[in-house]
Amino acid sequence: QTIDSVTTVKEIVEQLAMTIPVTDMHTHLFSADFGDLLLWGIDELLIYHYLISESFRWSSDEETYEAFWAMSKREQADWIWNKLFIEHSPVSEAANGFITILHRLGLDVSSRNLNEYREVLANRTTAQQVDEVLRISNVKHVVMTNDPFDAVEREVWLNREGNTDSRFSAALRVDSLLNDWPNAVEHLRSLGYEASVEWTEQTKEEVRRFLSEWIVRIDALYLAVSMPGDFVYPAEDHRTRMIDEAMVPVCQKHGIPFALMIGVRRRVNPELRLAGDMSMDSDVSAVEALCRTYPTQKFLITMLARSNQHELTVLARKFRNLMVFGCWWFLHIESMVEEMTKFRLELLGTSVIPQHSDCRVFEQLIYKWEHSRRIIGQVLASKYERLYNSGWKVTEDEIKRDLDDLFNRNFWRFLGKEQPE
Ligand code: REL
Ligand code: ZN
């Protein structure tokens, strides 16, 4: 049925945007099968690398990086809590996110009693917390990031059952094959693949065999990599050969997309470890060349620099094998999500994946999705509002369809797969 006032349209959209189930197509989370690889709880949340770099802004020269890394997780968490929540107010996106999590978990935020929060969560099992967080956040499906070169993770796939939770899917991560080839060769060889640093016929075959075997083993939805901003394609280099002669052929054989996250500059400040990565401008023409060279290969693309976003969105108008996704990392802040969602909808309509969470700690699903849903809902509502004023009345079913496209179906349709029930 049609909705009979513009305020009702707004209310309905904003309410549905907050509650409709979502598919989170890129995270660093794991199902409970992976044991300690699944991070959750108060201390893990506080030592999130986003908060580590923010805390160091308030540290003195006497507080060395080494001293921080030498502390236990609990001590690090206390240190961060003091700097970002007690000595200053938690207004940044990541700090505010921690408060949203506490609030939605039903903890008394006003008490500011960290030990009390720790105790409440310590009484839960991992499985309970996974269920609870998925319920609160209304996240229906989580795509992991899976790296066979990680010994701990490999063990789960090879010697245990792998992933047994149907709410989770795998994505095969291939960073070192593209960005740290000598190291990748060592890994391949230790796993029994006859690869050499030199790009020989046998090496190509072995890389393809490795990729194929792991895609099948983990049932990977797509191949994934994050690339530095100076990624050029095509070029006379290892990356181009790897993409042309191993990765794209294997993706095509298995009918899966290739996800490239472009524009990271790793370890700008190595002392901060994982928190020391930065963004950099990239050349969108690398994506353009990939899409043109391989019209039947699908590419899931996100970029890290704000300056690349508009051009990338325009490019998606030119290539149906390009799906733009997410507001990645430093762009996952209110102002950028709003700006990007606006021009994406204005250029592409609803044929985009507006957000992914990139969560590393399970409860982060709560804040990352709540904050993004609100903005996406508001932006979409403003578009319906204009239509309404021109006499175009959307029905509630159409609103649901559009939100479902944005939050689920665009991803699954692009994969050519049914969304798991
Ligand atoms: O997948 C990636 O490469 C990045 O998302 C991560 O490296 C990054 O550390 C992540 O936590 C950002 O949100
Ligand atoms: Zn990521």
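This is a predicted model: local features need pLDDT of at least 70, side-chain atom pairs count only at pLDDT 80 or more; totals for chains, interfaces and linings use all residues.
## Helix H16

Helix H16 covers residues 334-348, and its 15 residues should span 21 Å at 1.5 Å a residue, which agrees with the 21 Å that separates its end C-alpha atoms. Within H16, the residues Val 337, Met 340, Thr 341, Arg 344 and Leu 345 are buried. Seen down the axis of H16, these buried residues fall within an arc of 125°, so they line one face of the helix.

The partners against which the buried residues of H16 pack are helix H15 (309-318), strand E8 (322-324) and helix H17 (364-389). On the other side of H16, by contrast, Ser 335 and Glu 346 are exposed. After H16 comes Gly 349, a residue with a positive phi, near 65°.

Around ligand 1 are the residues Ser 226, Met 261, Leu 274, Trp 329, Asp 358 and Arg 360.

In soluble globular proteins, nonpolar side chains tend to be buried together. Here the largest nonpolar core has 119 residues, and those with the most contacts inside it are Leu 172, Ala 220, Tyr 222, Leu 223 and Met 247. Helix H17 contributes the largest share of this core, namely eleven residues.

Ala 220, one of the residues with the most contacts inside the core, is in contact with Ala 170, Ala 171, Leu 172, Ile 215 and Ile 256, if its neighbours within four places in sequence are left aside.

## Two partly exposed residues

Asn 96 lies in helix H6, which comprises residues 93-104, and Asn 96 counts as partly exposed because it has 16 C-beta neighbours inside 10 Å. When residues up to four places away in sequence are not counted, Asn 96 touches Pro 90 and Val 91. The C-alpha atom of Asn 96 is separated by 10.0 Å from that of His 371, although the two residues are 275 residues apart along the chain.

Asp 277 belongs to the loop between strand E5 (258-265) and strand E6 (278-279), and Asp 277 is partly exposed because 19 other C-beta atoms lie within 10 Å. The residues that Asp 277 touches, again without those up to four places away in sequence, are Val 264, Arg 265, Arg 266, Arg 267 and Val 268. For one of these, Arg 266, the C-alpha atom is separated by 4.4 Å from that of Asp 277, with the two residues eleven residues apart along the chain.

Methods. Residues are numbered from 1 along each chain as its sequence is written. Chains are lettered from A and ligands numbered from 1 in the order in which they are written. Helices (H or I, at least four residues) and strands (E, at least two) are DSSP runs, numbered from the N terminus. The expected span of a helix is 1.5 Å times one less than its number of residues. A residue is buried if 20 or more other C-beta atoms lie within 10 Å of its own, exposed if 12 or fewer, and partly exposed in between; C-beta atoms are placed from the backbone. The arc is that of the directions from the helix axis to the C-beta atoms. Two residues are in contact if their C-beta atoms, placed from the backbone, lie within 7 Å. A residue is near a molecule or strand if its C-beta atom, placed from the backbone, lies within 6 Å of it. A nonpolar core is a set of buried Ala, Val, Leu, Ile, Met, Phe, Trp, Tyr and Cys residues joined through C-beta atoms within 7 Å.
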